[in-house]
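Hi,

Here is the structure I said I'd pass on. Have a look at it first, and then read my notes below.

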Amino acid sequence: MQRIRAWGAAAAGKPLAPMTIERREPGPHDVVLEILFCGVCHSDIHQARDEWSGALFPMVPGHEIVGRVTRLGGEISKFKVGDLAGVGCLVDSCRACAPCADGLEQFCAKGPALTYNGTEMDRKTLTYGGYSTEIVVDERYTLRIPAGLDPAAAAPLLCAGITTYSPLRQWGCKPGDRVGVVGLGGLGHMAVKLAASMGAKVTVLSTSGGKEADARRLGASDFAVTKGGAAFDRLAGKVDLVIDTVSAPHDYNAYLGLLRTRGAMVVVGAPTAPTPVHAFSLILGNRRLAGSMIGGIAETQEMLDHCAKHGIVSDIELIPIQKINEAYERVLKSDVRYRFVVDVASLRG
Ligand SMILES: [Zn+2]
Ligand SMILES: [Zn+2]
């Protein structure tokens, strides 16, 4: 066991503060990463405040991790010391169930080992995330960070990137498609960049006009203000795929009305209250309403390679860990363009 520095919450809703955690000695298949950067995901806040209940404390959040390989188990082939590597939302799974066999480890029938606020597959050892100086992960669940990606700005790809890449791939986004991105935050700005890189014509749908210049800079060719409803008339029946990133309550029926025949709307944002859907919003036009959650390990690697090829990273604001509680408040006010990333050098001090 090694004791290392981290920042975390001692109990639900407590401000994040310095703490010491233990990491295991690397086994034959483990990679040890010196963590360089860790993105701040909105779900870090929900979990640190136990807003989804059942949270495990002490909690060290962070599942958008980029680091450098410093040590390796004896049977590692994929990495060498000095490589950049990444860890996303999960660090292990059962490796035997049908979802694991299909590369959908996020839906492991036994429940994957989440990177934090979870346990290893022994179901006893608590996992701790990336607001820490070091992590030890099996190489199967460790991603290669391709050369050419800025390591700080690449960190959010491990959650925000794969969360938006996966539905675009699942629903066959192709050149010339019209993709509607609802909401321009951490997820939305990645959806715009990724859909544009696949050759889609992107329309950003936002409650106000304030983000139009950003939307166009990120790759959108069209912008629609949803307040007032005129945008829903203009775009009715014209959109192939809607990626809905909004977690505030909103009317799914209005967005389903944008879809062309057999078009699909994929929900990746999670409003806390149920949303009524009229049957005819789906029946008319054989429209599909779907959800999507992160992606498997192989698809996450595919996404990173795609981003390297197309020069895509997140737009970030780099902060020292000492500003994390302030950053959480700013995330809740959507006061970040578009992702905070912790410079983990600030934990080494
Ligand atoms: Zn996340
Ligand atoms: Zn499994």
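Searching the whole structure turns up 1 cavity of 30 Å³ or more. On a 1 Å grid over the protein atoms alone, a cavity is a set of points where a 1.4 Å probe fits but cannot get out; a pocket is an open set with protein on both sides within 12 Å along at least five of seven lines, and lining residues have an atom within 4 Å of a point. Points are joined across faces, edges and corners, and a volume is the space filled by probe spheres set on them.

Before going on: this is a predicted model, where local features need pLDDT of at least 70 and side-chain atom pairs count only at pLDDT 80 or more, while totals for chains, interfaces and linings use all residues. Residues are numbered from 1 along each chain as its sequence is written, chains are lettered from A and ligands numbered from 1 in the order written, and side-chain values use heavy atoms, leaving out hydrogens and water.

Back to the largest cavity: about 80 Å³ of space lies in it. Its lining includes G88, C89, Y141 and I294, and divides into 8 nonpolar, 4 polar and no charged residues. (Ala, Val, Leu, Ile, Met, Phe, Trp, Tyr, Cys and Pro count as nonpolar, Asp, Glu, Lys and Arg as charged, and the others, Gly among them, as polar.)

The second largest pocket has a volume of about 320 Å³. Of its 18 lining residues, the closest to the centre are R24, E120, T125, L126 and T127. Strand 8 gives the largest share of this lining, 4 residues. (Helices, H or I with at least four residues, and strands, E with at least two, are DSSP runs numbered from the N terminus.) By class, this pocket's lining has 8 nonpolar, 3 polar and 7 charged residues.

Now the sheet: 6 strands form an open one in the order 12-11-10-13-14-15, with parallel pairing (two strands pair if DSSP finds at least two bridges between them). Strand 12 (222–225) and strand 15 (288–291) are at the edges with a single partner strand each, so one side of each has no neighbour in the sheet. Strand 11 (residues 201–206) pairs with strand 12 over 4 bridges, and V204 stands opposite F223 there.

Last, salt bridges (a side-chain nitrogen of Lys or Arg within 4 Å of a carboxyl oxygen of Asp or Glu): the count is 21. In one of them D222 joins R178, with the closest N and O atoms 3.5 Å apart. That pair links strand 12 to strand 10, 44 residues apart.

Cheers
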